[in-house]
Amino acid sequence: MTYYNMVLLALGLLTIGGIIRVVVGPTIWDRLLGLNLISSKIIMAIIVYALMIQRTFLLDIAIVYALLGFIGSVLIARFIERKGE
Amino acid sequence: MKRLLHYVRMMAVFAVIWVILEEQISIATVVVGALIGLAAMVGTDRYVLRADYQQAYPFGLVAGIRYVISLIVQIYVAGVQALYKVLTGTLHVGIVDVHTSLEHDFHVALLANSITLTPGTVTLDRQGKTLKVIWIDCVTTDPEEAGPLIKQNFEQLIAGSKR
Amino acid sequence: MAQVAALIGQILIGIGLVFMAAGIYSVLRFKDFYSRVVITAKIDTVGFLTLIFGVMFIEGFSFFTLKLVLIVVFELLTNPISTHSIAHSAYASGYKIRKEVRVD
């Protein structure tokens with residue numbers, strides 16, 4: 001088991017912590033915060049995997065994922081402001 | 001004339017970004033990147049922004065790079081402090097008002113972004129020149145005292161970057 | 001020389017993982033939403049930057065590193081905006097400090 005495998009495993013365990021906050025979270029904003037954390041963990045996992053197999057096209061996927069996560073969380077936050085009115 | 005110079009400089013930046021994305025340096029990629037950057041700039045100026053780009057975003061390239069470097073240093077200082085506060089569990093969260101002397105909308109937005117990224121603070125709301133800020137360890141609620149502690153030296157950096 | 005750079009990079013990746021673990025720990029532990037959002041935004045950004053700097057050290061100067069620079073600049077621009085929009089959404093909907101408001 002190499003070092004990068006262990007890093008990926010640790011990132012997976014941290015993602016489970018974010019999922020717990022999304023499932024438990026008393027308010028809807030807590031869930032959104034957990035979702036934000038999970039998306040940043042996934043970007044980092046993609047970067048470490050790209051380093052592991054030495055392919056640069058995975059970094060393009062990371063850029064696109066960062067864009068979509070940003071737009072998604074901003075849109076949801078704007079939508080649920082003042083309970084969706 | 002100044003407008004043309006600005007276009008040429010921004011086309012160079014877009015060409016560099018295009019070369020990085022394409023992963024090969026040749027005349028064809030540089031030219032295509034510069035042309036796509038020009039098309040994006042003209043389209044933005046004419047249909048999206050409906051105003052002059054330089055007046056809407058007055059921020060120089062060199063000043064921007066210097067600003068990003070000092071921002072990264074501040075992020076690390078704030079991160080270590082926040083780590084200490086998390087492990088000891090000494091939090092004292094409160095909301096304070098902060099006044100700013102910056103004039104331009106874009107500069108106020110940049111200041112709010114920097115406040116969100118550094119020492120234990122998140123910008124909540126803005127009314128004119130007053131920012132509402134959540135502060136992790138709220139020692140005072142007076143805007144005059146809290147201002148220098150929260151803003152650090154960002155205000156001078158942003159104000160000094162005007163062209 | 002390359003091995004020293006790789007070692008420094010691996011140590012930086014480990015430090016980044018420690019920062020991110022502190023972020024997840026604080027998001028699970030604190031009771032109030034505002035303290036969660038303040039702590040998490042900060043520590044998560046620091047962990048992200050440290051891990052990417054570690055990867056840059058391992059890779060050396062190439063297109064890989066330049067693309068990582070693009071990702072870092074993009075993240076510095078967008079991360080505070082998404083954190084701010086979540087906090088502003090809670091504030092505009094009338095969330096008060098240390099008071100649980102349930103939204104069904």
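Before you click on anything, one definition: a residue is called buried here if 20 or more other C-beta atoms lie within 10 Å of its own. Keep in mind, too, that this is a predicted model.

**Stop 1: a helix in chain B.** Select residues 61-88 of chain B, which make up helix α4. Now colour the buried ones: Ala78(B), Gly79(B), Ala82(B), Leu83(B), Lys85(B) and Val86(B). What do the buried residues of α4(B) pack against? Show chain C and look at α1 (2-29) and α2 (33-59), which are their partners.

Next, check the length of the helix. At 1.5 Å a residue, the 28 residues of α4(B) should span 40 Å, and the end C-alpha atoms are 41 Å apart, so the two agree. Step just past the end of α4(B) and you land on Gly89(B), which has a positive phi of about 75 degrees.

**Stop 2: chain A by itself.** Chain A has a radius of gyration of 15 Å, well over the 12 Å that the globule rule gives for 85 residues, so it is more spread out than a compact globule. Along the principal axes, its C-alpha atoms fill a box of roughly 50 × 25 × 10 Å. Of the 85 residues in chain A, 29% count as buried.

**Stop 3: where A meets C.** Bring chain C back. Here 36 residues of chain A are in contact with 39 residues of chain C. On the chain A side, the elements giving two or more residues are α1 (3-24), α2 (28-53) and α3 (57-79). Which of them gives the most? Select α2(A), which puts in 12 residues. Colour this side of chain A by residue type and you get 22 nonpolar, eight polar and six charged residues.

**Stop 4: the nonpolar core.** Last, select Ile47(A), Val133(B), Ile134(B), Val37(C), Val38(C), Ile52(C) and Ile86(C) together. Of the 63 residues in the largest nonpolar core, these touch the most other members. The element that gives the most to this core is α2(C), with 14 residues.

Leaving aside neighbours within four places in sequence, Ile86(C) is in contact with Trp29(A), Leu32(A), Leu33(A), Ser73(A) and Ala77(A) from chain A, and with Val37(C) from chain C.

Technical notes
Residues are numbered from 1 along each chain as its sequence is written. Chains are lettered from A and ligands numbered from 1 in the order in which they are written. This is a predicted model: local features need pLDDT of at least 70, side-chain atom pairs count only at pLDDT 80 or more; totals for chains, interfaces and linings use all residues. Two residues are in contact if their C-beta atoms, placed from the backbone, lie within 7 Å. Helices (H or I, at least four residues) and strands (E, at least two) are DSSP runs, numbered from the N terminus. Ala, Val, Leu, Ile, Met, Phe, Trp, Tyr, Cys and Pro count as nonpolar, Asp, Glu, Lys and Arg as charged, and the others, Gly among them, as polar. The radius of gyration is taken over C-alpha atoms; the globule rule is 2.2 Å times the number of residues to the power 0.38. A residue is buried if 20 or more other C-beta atoms lie within 10 Å of its own, exposed if 12 or fewer, and partly exposed in between; C-beta atoms are placed from the backbone. The expected span of a helix is 1.5 Å times one less than its number of residues. A nonpolar core is a set of buried Ala, Val, Leu, Ile, Met, Phe, Trp, Tyr and Cys residues joined through C-beta atoms within 7 Å.
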